[in-house]
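Please look over the sequence and the model shown here; the report that follows takes up the annotated domain, the ligand surroundings, the fold of the chain and the confidence of the prediction.

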Amino acid sequence: MTEPRHEPTPMSAPPHLDAPPHALQPPQAAAPAAPSEGSVAGAPIAALSIRGLAKRFGEKIAVDGVSLEVPAGSFFGMVGPNGAGKTTTLSMATGLLRPDFGTALVHGVDVWARPLEAKKLMGVLPDGVRLFDRLTGEQLVTYSGLLRGMDRDVVGTRVSELLAALDLEADAGSLVVDYSAGMTKKIALASALIHAPRLLVLDEPFESVDPVSAANIRGILESYVASGGTVIVSSHVMDLVQRMCSHVAVVAGGRVLAAGSVDEVRNGSTLEERFVQLVGGGHRTEGLEWLRTF
Ligand SMILES: Nc1ncnc2c1ncn2[C@@H]1O[C@H](COP(=O)(O)OP(=O)(O)OP(=O)(O)O)[C@@H](O)[C@H]1O
């Protein structure tokens with residue numbers, strides 16, 4: 001177990017997928033995981049520990065050796081430009097997409113070697129994954145709870161509370177297929193929360209969500225973290241991440257450019273300024289003359 005990272009870390013050159021360094025192990029060859037509770041040799045066990053995750057789609061290297069330590073009890077933001085590899089990384093880290101190389105441990109449990117145990121510890125809001133959308137919202141969240149082996153009465157109570165908290169009570173009986181994008185996001189979030197997991201991994205949870213619901217969701221997540229849970233969110237909204245998160249990783253081109261506490265990473269600038277510095281690029285306004293002809 002490596003120490004949780006607290007420094008903003010320009011990462012060392014990541015591995016090439018056709019020539020992985022010895023540190024990269026195929027997931028099936030991962031060492032037996034440490035127990036999920038407590039600590040190893042005095043070092044606290046990270047809520048999520050990602051080591052050397054890599055994924056190629058054909059010629060495209062989507063994730064190029066990502067390593068991250070997400071401290072337990074942190075509110076961790078993952079930011080990066082479109083196509084940076086955030087969704088691919090989080091999908092591999094949560095057992096949705098098999099990595100080509102690397103490992104992911106949730107509270108010390110190897111996600112790919114011990115998936116059932118690891119998945120009990122996690123609630124996941126994936127990006128763009130189909131829901132059972134011929135169920136009503138209420139049925140979908142209830143189903144998620146029962147699938148987790150929860151007591152039916154407990155599920156009933158929690159479903160009511162979640163639907164109220166996410167302002168979905170009036171639409172509880174409507175089919176999810178008829179929900180708006182924001183409502184779909186919220187019902188998927190309720191499904192991820194129902195079993196009170198220790199780690200929540202939320203891919204763009206605020207996308208399409210109205211400001212009132214977003215504030216409600218933020219409140220739910222902040223009190224969840226205050227009570228010891230860990231949240232990982234990917235987002236494009238730097239201001240939100242700066243205000244909401246304790247830690248952040250900046251990802252681009254399938255690599256981690258910096259990671260640490262938000263204050264360490266932004267280093268006196270705003271997170272947005274630091275992001276632009278790290279990721280590069282800028283405004284490109286040349287061309288498009290045809291848009292300036294009026
Ligand atoms: N199933 C796939 N097949 C082929 N290429 C893929 C696939 N999934 C992702 N990619 C590619 O991998 C790269 C990383 O994609 P990913 O969705 O992880 O980025 P992202 O950081 O989540 O982007 P965004 O912020 O736009 O959601 C992109 O170039 C994308 O086109």
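## Annotated domain

In this predicted model, residues 48–278 correspond to the feature "domain: ABC transporter", which comes from an unreviewed UniProt entry.

## Surroundings of the ligand

The residues that surround the ligand are Phe-57, Lys-60, Ala-62, Gly-80, Asn-82, Gly-83, Ala-84, Gly-85, Lys-86, Thr-87 and Thr-88. Two elements, strand E4 (60–70) and helix H1 (86–93), each give two or more residues to this shell, and the largest share, 3 residues, comes from H1.

Sorted by class, the shell around the ligand comprises 6 polar, 3 nonpolar and 2 charged residues.

## Fold of the chain

The protein chain contains 9 helices and 12 strands, and 44% of its 294 residues are buried.

## Confidence of the prediction

The mean pLDDT of the protein chain is 86, with 84% of its residues reaching 70 or more. The pLDDT is below 50 over residues 1–15, a stretch that has 41 contacts in the model beyond near neighbours in sequence, and is likewise below 50 over residues 19–38, where 36 such contacts are found. Where pLDDT is low, predicted coordinates should not be read in detail.

For the complex, the predictor gives an ipTM of 0.98 and a pTM of 0.84.

Technical notes: Residues numbered from 1 in each chain as written. Predicted model: local features only at pLDDT ≥ 70, side-chain atom pairs only at ≥ 80, totals over all residues. UniProt positions renumbered as here; feature names shortened; annotations may be inferred. Near = placed C-beta within 6 Å. Helix = DSSP H or I, 4+ residues; strand = E, 2+ residues; numbered from the N terminus. Nonpolar A, V, L, I, M, F, W, Y, C, P; charged D, E, K, R; others polar. Buried ≥ 20, exposed ≤ 12 C-beta atoms within 10 Å, placed from the backbone. pLDDT = per-residue confidence, 0-100. Contact = placed C-beta atoms within 7 Å.
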